[in-house]
Amino acid sequence: MTESDCLFCRIVSGEIPSKQIHSDDASVTFLDISPWQEGHALVIPRRHVADALADESVLAELAPAVVAVGNLLKERLGASACNILTNAGADSGQEVFHAHVHVIPRYADNPGIANLRGPVESDLDEVHARITGKGR
Ligand code: AMP
């Protein structure tokens with residue numbers, strides 16, 4: 001996989017649009033296009049790394065953004081908790097082979113690991129505006 005073939009590298013470069021909610025020197029965070037819960041976000045490294053086990057420092061580089069994003073989602077969306085997970089390798093369910101951490105806000109009316117994968121109907125523009133404070 002080269003960077004030009006990689007979907008998430010193309011999101012980092014801005015070639016493919018995304019609903020960005022956070023960025024820092026090491027990472028970019030945007031809303032998942034098929035959210036499991038309202039506000040489901042993906043924290044990804046700016047540099048291309050195939051998965052979280054392919055490089056010993058990538059998870060540490062993403063950690064500050066994961067904490068900032070989790071707290072942002074709690075504050076702006078009224079989430080009471082978050083699931084934080086990463087899939088590393090195809091048999092784990094990884095579909096995009098550029099490392100990413102799922103930050104999945106959870107709500108009191110739908111708690112628990114058994115309900116992690118929604119179902120949720122979510123207007124990404126509306127959710128993005130609530131998180132960022134920017135108009136639609
Ligand atoms: P994983 O299964 O861990 O590889 O997760 C990949 C995630 O990327 C899935 O939850 C997809 O819904 C999400 N995804 C795929 N394409 C896009 C995209 N263009 N913008 C935002 N999220 C995406």
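How many residues lie between β1 and β2 in the hairpin they form? There are 3. You're looking at a predicted model, where local features need pLDDT of at least 70, side-chain atom pairs count only at pLDDT 80 or more, and totals for chains, interfaces and linings use all residues. Residues are numbered from 1 along each chain as its sequence is written, and side-chain values use heavy atoms, leaving out hydrogens and water. Helices (H or I, at least four residues) and strands (E, at least two) are DSSP runs, numbered from the N terminus.

**The hairpin**
- β1 and β2 run antiparallel to each other and pair over 3 bridges; strands count as paired if DSSP finds at least two bridges between them.
- Ser-23 has its bridge partner, Val-28, in β2.

**The nonpolar cores**
- A nonpolar core is a set of buried Ala, Val, Leu, Ile, Met, Phe, Trp, Tyr and Cys residues joined through side-chain atoms within 4.5 Å. Buried means under 20% relative accessible area (1.4 Å probe, protein chains only).
- In soluble globular proteins, nonpolar side chains tend to be buried together.
- The largest core here has 21 residues, and the ones touching the most other members are Ile-21, Val-43, Val-69, Leu-73, Val-103 and Ile-131.
- Two or more core residues come from each of β3 (41-45), α2 (58-77), β5 (101-106) and α3 (124-132), with α2 giving the most, 8 residues.
- Take Leu-73: leaving aside neighbours within four places in sequence, its contacts (heavy atoms within 4.5 Å) include Ile-21, Ala-41, Val-103 and Ile-131.
- There's also a second, separate core of 8 residues, with Cys-6, Ile-11, Leu-42 and Ile-44 among them.

**Helix α3**
- Leu-124, Val-127, His-128, Ala-129 and Ile-131 are the buried residues of α3, and their cover includes β1 (20-23), β2 (27-31) and α2.
- At the start of α3, Asp-123 has a side-chain oxygen within 3.0 Å of the backbone nitrogen of Asp-125.

**The ligand**
- The ligand is surrounded by 16 residues, and the closest are Asp-32, Asn-87, Glu-95, His-100 and His-102.
- A ligand nitrogen sits 3.1 Å from a backbone N or O atom of Ile-33.
- A ligand oxygen lies 3.0 Å from a backbone N or O atom of Val-96.
- His-100 has a side-chain N or O atom 2.8 Å from an oxygen atom of the ligand.

Conventions. Buried < 20%, exposed > 50% of the residue type's maximum accessible area, 1.4 Å probe, protein only. Polar contact = N/O pair within 3.5 Å; in protein donor to acceptor, adjacent residues only side chain to side chain. Near = heavy atom within 4 Å.
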